[in-house]
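Here is a short briefing on the structure below. Points are grouped by topic.

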Amino acid sequence: MPRFIDVETLRPAPGRINWFKYSSPQTFFPLAGAAVPWFAAAAAVLCAVGLYIGFFVAPTDQQQGEAYRIIFIHVPAAWMSMFIYLVMAFWAGVGLVLNTRLSGMMASALAPTGALFTFIALWTGALWGKPTWGTWWVWDARLTSELILLFLYFGFMALTAAIDDPRRADRAAALFALVGVVNIPIIYFSVQWWNTLHQGASVSLTRAPTMAATMLAGMIVMALAFWMYSIAAAFARARCIILERERNSDWVAQYIEASK
Amino acid sequence: MNWESLEAFIAMGGYGLYVWGSYAVTFALVALEVVLLVLRGRGIVAQLARIGAPRRRS
């Protein structure tokens, strides 16, 4: 893939680092393009390994039987739903502070994938809750705050789409995302603060996980797979957004010409 | 190897509906997102190719 970086415009004064070199969409576009296949491949490999561990290595749970195997997608999806929101809010904040176009594009690129993982966490949680709790849904602190997270993602996407000028849309949605960040610690600590139906954290940063080694391994590998997938999806969507928003620039014309 | 037979694997200890319902929807949605992304990528390139050279700004 030919590189379309106009180095002349990017060369900083001698001796000074151009911190903004990779914040220009034109420079980021080929980098993301080169990275997507690698992250996608890593996701596929990790997912295969994780599923193998989850179904063929991890034993049957003495209490829940086989139902617990939903954990291998439920927990990674829930982690990713929170993590992606934080990364999205980070780029939204950077976009507000530094007024860099690419930051807002990256935030918009992350939102759909974050919403997807939030829905997956809610869906797999409901299917796990039915046999073990006896109900698809309960207005539990953890479940309710995760549902609010889903609405925050939809709100972010709706607000971005509602404003014609992309730069104004990014600023408005960035403010919205930053206000919504408070929901993430609420989700994480909801099981301790309110201690309603959802069980507490088996894996936490402070103490050793209270899980069997193979079950934990399967879950961690799947979490890494979902993480690699999220990066690949966000970079691919960011490239689409870049082409859509920079459609009138010369380097896009060159890129389109070259890809004919 | 936990499973005696394919049937046991599919039955998933009687929880087959829930486990496979979770996995099927998850991977279906992920596949859908990948397809939508590929279509969006091709769509924008095709559209820009049709439009041709960008309008000359002053």
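B:Met12 sits in the loop that joins helix H1 (6–11) to H2 of chain B. The model is predicted.

- B:Met12 is not a glycine, yet its phi is positive, near 55°.
- Its relative accessible area is 0%, so B:Met12 counts as buried, the cut-off being under 20%.

**Chain B overall**
- Chain B has two helices and zero strands.
- Helix H2 of chain B covers residues 16–51, which is 36 residues.
- At 1.5 Å a residue, H2 of chain B should span 52 Å, and its end C-alpha atoms lie 51 Å apart, so the two values agree.
- Just after H2(B) comes B:Gly52, with a positive phi of about 85°.
- Chain B has 58 residues, and 31% of them count as buried.
- Its accessible surface is about 3900 Å².
- Carbon and sulfur atoms account for 67% of that surface of chain B.

**The cavity**
- The search gives one cavity of 30 Å³ or more.
- The largest cavity holds about 120 Å³ of space.
- Its lining has 15 residues.
- Nearest the centre of the largest cavity lie A:Gly95, A:Leu96, A:Gly104, A:Asp170 and A:Arg171.
- Three helices of chain A, H3 (71–98), H4 (101–133) and H6 (166–180), each supply at least two residues of this lining.
- H6(A) gives the largest share of the lining, five residues.
- By type, the lining has seven nonpolar, four polar and four charged residues.

**The A:Asn99 loop**
- A:Asn99 lies between H3 and H4 of chain A, in the loop.
- Its phi is positive, about 55°, although A:Asn99 is not a glycine.

**Cysteines**
- How many disulfides does a search of the whole structure find? The count over all chains is zero.
- A disulfide is a covalent bond that links the sulfur atoms of two cysteines.
- A:Cys47 has a relative accessible area of 13%, so A:Cys47 is buried.
- A:Cys240 has a relative accessibility of 5%, so A:Cys240 also counts as buried.

Terms used
Residues numbered from 1 in each chain as written. Chains lettered and ligands numbered in written order. Predicted model: local features only at pLDDT ≥ 70, side-chain atom pairs only at ≥ 80, totals over all residues. Heavy atoms only, no water. Disulfide = S-S within 2.5 Å. Buried < 20%, exposed > 50% of the residue type's maximum accessible area, 1.4 Å probe, protein only. Helix = DSSP H or I, 4+ residues; strand = E, 2+ residues; numbered from the N terminus. Expected span 1.5 Å × (residues − 1). Areas by Shrake-Rupley, 256 points an atom, 1.4 Å probe, with all protein chains shown as cover. 1 Å grid on protein atoms, 1.4 Å probe; cavity = no way out; pocket = protein on both sides within 12 Å on 5 of 7 lines; lining within 4 Å. Points joined across faces, edges and corners; volume = space filled by probe spheres on them. Nonpolar A, V, L, I, M, F, W, Y, C, P; charged D, E, K, R; others polar.
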